[in-house]
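Try each task before you read its solution.

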Amino acid sequence: MSEDVGLVIIGTEILSGKREDRHVVRSRQQLARRGYGIAWCLIVPDIRNILLSQLRWAMAQSLPFFSFGGLGATPDDLTRDCAAAAADVTLSRHPEAEEWIRRQYGEKAEPVRIRMADLPAGARLIPNPINNVPGFSVGNGHFFPGFPEMAEPMSDWVLEQYFPPIVADVEARILLPHAREGDLVPLMESFCVAHPDVRFSSLPSFKEDGPQIELGVAGREYDVQAATCDLKARLERMGLEIRDLGLPES
């Protein structure tokens with residue numbers, strides 16, 4: 001999954017149910033247009049020690065990540081400070097960010113809005129076309145406001161700057177009516193050993209007429225085609241009914 005991106009969604013209001021997350025679906029669609037996917041997702045409250053530990057974890061990963069929320073100037077907006085601590089740098093006034101904010105708000109920039117120019121030392125700015133208060137990039141992280149209307153054009157800009165379009169992975173799906181996972185584990189294990197270049201998934205469910213399993217094989221198109229042919233042959237030898245679902249709708 002070297003071409004995927006992690007997500008950090010920050011906000012106690014998401015966990016409490018006061019607001020519904022809109023970043024996961026939007027980011028999945030946005031990334032897919034350039035051939036990328038979501039590798040992992042964290043939903044983190046506005047609690048300093050938790051946020052700091054999770055940002056440290058995210059910055060220690062090899063993959064880039066997008067972070068949404070907590071960039072304001074209220075006491076519960078902790079992301080700028082925690083991002084600096086996680087990156088082991090100081091939080092300091094960014095001259096260009098200060099200029100953008102003063103140009104946008106004039107005298108009203110003081111004493112509160114100007115705090116949003118305090119960013120991790122060495123951060124790279126992300127333009128905000130909505131109100132000119134920038135996001136920032138530090139390390140492998142790209143930090144955006146929690147408002148989806150702002151985050152979308154800003155993350156589009158980041159993708160244009162740092163994420164060239166790539167050929168997306170494909171996924172073949174097979175439905176096995178009336179099958180049970182427990183009966184197929186040895187087959188699944190041997191298949192995975194034989195095809196380490198693809199990602200295998202098994203999704204069981206129960207319908208009115210009994211159990212069923214949806215199998216997925218994902219990766220590069222050539223590898224998926226070869227692995228799927230082998231998987232079907234193995235399943236046929238077990239006498240199982242196979243329904244080819246092809247590729248999922250985008």
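Before you start: rings of Phe, Tyr and Trp (its six-membered ring) pair if their centres lie within 6.5 Å, with planes under 30 degrees apart counting as stacked, over 60 as edge-to-face and the rest as tilted. This is a predicted model, where local features need pLDDT of at least 70 and side-chain atom pairs pLDDT 80 or more, while totals for chains, interfaces and linings use all residues. Residues are numbered from 1 along each chain as its sequence is written, and side-chain values use heavy atoms, leaving out hydrogens and water.

**Exercise 1.** Find the cluster that ring pairs build around Tyr36, and classify the pair Tyr36 makes with Phe163.

*Solution.* 
- Start with the count: the ring rule gives ten aromatic pairs.
- Take Tyr36 and Phe163: their ring centres sit 5.5 Å apart with planes at 90°, so call this pair edge-to-face.
- Now place them. Tyr36 is in the loop between α2 (23–32) and β2 (38–44), Phe163 in the loop between α6 and β9, so the pair ties together parts 127 residues apart in sequence. (Helices, H or I with at least four residues, and strands, E with at least two, are DSSP runs numbered from the N terminus.)
- Check burial (buried is under 20% relative accessible area, exposed over 50%, partly exposed in between; 1.4 Å probe, protein chains only). Tyr36 is buried at 11%, and Phe163 is buried at 7%.
- Finally, ring pairs join Tyr36, Phe66, Phe68, Phe144 and Phe163 into a cluster.

**Exercise 2.** Is the ring pair of Trp40 and Phe65 stacked, edge-to-face or tilted?

*Solution.* 
- The centres of Trp40 and Phe65 are 6.3 Å apart and the planes at 35°, so the pair is tilted.
- Trp40 belongs to strand β2 and Phe65 to strand β3 (residues 65–68), which puts them 25 residues apart.
- Trp40 is buried, with 15% relative accessible area; Phe65 is buried too, at 0%.

**Exercise 3.** Where is Arg173, and which side chain does its own side chain contact?

*Solution.* 
- Look in strand β9 (residues 170–177) for Arg173.
- With a relative accessible area of 18%, Arg173 is buried.
- Its side chain makes a polar contact with that of Glu214 at 3.4 Å. (A polar contact is a pair of N or O atoms within 3.5 Å; within protein, one must be able to donate a hydrogen and the other to accept it, and residues adjacent in sequence count only if both atoms are side-chain atoms.)
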